[in-house]
Amino acid sequence: MSERTQVGIVGAGPAGLLLSHLLHREGIESIVFDNRSREHVQQRLRAGVLEQGTVDLLAEVGLGERMRRLGMPQTSLDFRYAQASHRIDFAQEIGRTVMVYPQHEVVHDLIEARLAAGGDLRFDTPVTAIQDLEGPSPTILAGPEGRPVRCDFIAGCDGFHGICRDAIPASVMKAYDRVYPFGWLGILAEVPPAAPDVTWGCHETGFAMLSFRSPTRSRLYLQCEPDDDPDNWSDDRIWSALHERLDVPGMPPLIEGPIVQKGVTAMRSFQVEPLRHGALFLAGDAAHIVPPTGAKGLNSAVADIRVLGRALVEYYRQGSARLLDSYSETCLRRMWLVHRFSAGLCTMVHSFPGQSDFARRLQRADLDYMTGSEPGRRAFSENFTGLPIEA
């Protein structure tokens, strides 16, 4: 027997859960499918720097209490290079801030809210096929027996390796891809942050970053080979490289302590066009990947969902497909500006293999202009704290 719902959502990450939450508030039915268990979904550790617009939206839809209690507001970012600190205070520049609040905490809040409202979240339920996207009865086949669930619309929120993007014929989709020649070694250390600001080290030996998870836990990153083995990095080697790339005269040095987690993440930029095919709409990592330098992954997914949520509400409330028809164009206009910012930062702050002295001097000039001029600081602040949805 088949089931019926208004919106079928593939993927119980932040994009899929937030869309289900927004639709529920408007009385629109949805079912969320994920091939992983609830425990796995909630425990996937991900970084999280939330743009001002993301923070405002979560608070607006009733998800702000725990975020305000556990999150760590940030007003500035410290670029360290040439043996000096170069701080950009975006609260001072444009009056906006960001919030350090990990993605798994956002997922926790969304799952709790959906279940409290009786939401239909189906974990351990893989989607095996998506059918009839251009026909009268778009269908999701889910579960071990491939039970059909008929929908008005399907939201593909199942990440880069999910099934939804592959359901769109290659003949109607174009993909843009750039793989960077480095990765990040991420570590979690049981030490308090050594600085009050998120801190980036732009060093000739490679990039490094200091971020936070709590007042007693620090999250740190080191540029490394994209296929590096974390076991190649002893604790002594990690702390030595972090000191070299982040410590500068006149600022407190890093605080060393136990490293409880480490892993390597490769870096890429990826985008597909269009984001819609028939009844299927792609959002979040299913549609685009950005390098983590700009902290735009989660925020870009939220931006997609804000646009898609509004479009679906207009369709069900007013019978108009105007916003649905412009979904792809609206999201792509903003997303390419996000790619510009994230890829530009990536190029500016990392050391590239075989890099010429000329290229290094251009990087320094870019850093000097961004941190040392009012237009540069303002442009960084506007992009880092979040572009408007209608970019």
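**Helix contacts, aromatic pairs and nonpolar cores**

I would like to start at the contact between two helices, where Tyr369, Met370, Thr371 and Gly372 in α11 meet Glu374, Pro375, Gly376, Arg377 and Phe380 in α12. Please keep in mind throughout that this is a predicted model. The axes of α11 and α12 come within 5 Å and cross at roughly 85°, which makes α11 roughly perpendicular to α12.

A search of the whole structure finds 17 aromatic pairs, and I will go through two of them. For phenylalanine 182 and phenylalanine 352, the ring centres are 5.2 Å apart and the planes stand at 80°, so this pair is edge-to-face. The two residues come from distant parts of the chain, 170 residues apart, with phenylalanine 182 in strand β14 (residues 174–189) and phenylalanine 352 in the loop between α10 (327–349) and α11 (357–372). Both phenylalanine 182 and phenylalanine 352 are buried.

Because phenylalanine 341 lies in helix α10 and phenylalanine 380 in helix α12 (residues 374–385), the pair ties together parts that are 39 residues apart in sequence. Phenylalanine 341 counts as buried at 9% relative accessibility, and phenylalanine 380 is likewise buried, with a relative accessible area of 2%. Phe341 and Phe380 also belong to one aromatic cluster, whose other members are Phe79, Phe90, Trp184, Trp200, Phe207, Tyr221 and Phe384.

The charged end of arginine 237 sits over the ring of tryptophan 233, 3.6 Å from its centre, while the charged end of lysine 174 sits over the ring of tyrosine 176, at 5.1 Å from the centre.

In soluble globular proteins, nonpolar side chains tend to be buried together. Here the largest nonpolar core holds 72 residues, among which Leu50 and Leu282 touch the most other members; helix α8 (residues 297–318) supplies the largest share of this core, with 11 residues. A second, separate core has 31 residues, including Val98, Val198, Cys202 and Phe352, and Phe352 is the residue whose ring pairs with that of phenylalanine 182. As for leucine 50, if we leave aside residues up to four places away in sequence, leucine 50 touches Val55, Leu58, Met67, Val98, Met99, Tyr101, Val106, Leu298 and Asn299.

Definitions and conventions: Residues are numbered from 1 along each chain as its sequence is written. This is a predicted model: local features need pLDDT of at least 70, side-chain atom pairs count only at pLDDT 80 or more; totals for chains, interfaces and linings use all residues. Side-chain values use heavy atoms; hydrogens and water are left out. A nonpolar core is a set of buried Ala, Val, Leu, Ile, Met, Phe, Trp, Tyr and Cys residues joined through side-chain atoms within 4.5 Å. Buried means under 20% relative accessible area, exposed over 50%, partly exposed in between (1.4 Å probe, protein chains only). Helices (H or I, at least four residues) and strands (E, at least two) are DSSP runs, numbered from the N terminus. Contact means heavy atoms within 4.5 Å. Rings of Phe, Tyr and Trp (its six-membered ring) pair if their centres lie within 6.5 Å; planes under 30 degrees apart count as stacked, over 60 as edge-to-face and the rest as tilted. A charge sits over a ring if NZ of Lys or CZ of Arg is within 6 Å of the ring centre and within 35 degrees of the ring normal. Axes are lines fitted to C-alpha atoms, for helices over the stretch in contact, and angles run from 0 to 180 degrees between N-to-C directions. Angles under 35 degrees count as roughly parallel, over 145 as roughly antiparallel, 65 to 115 as roughly perpendicular and the rest as oblique.
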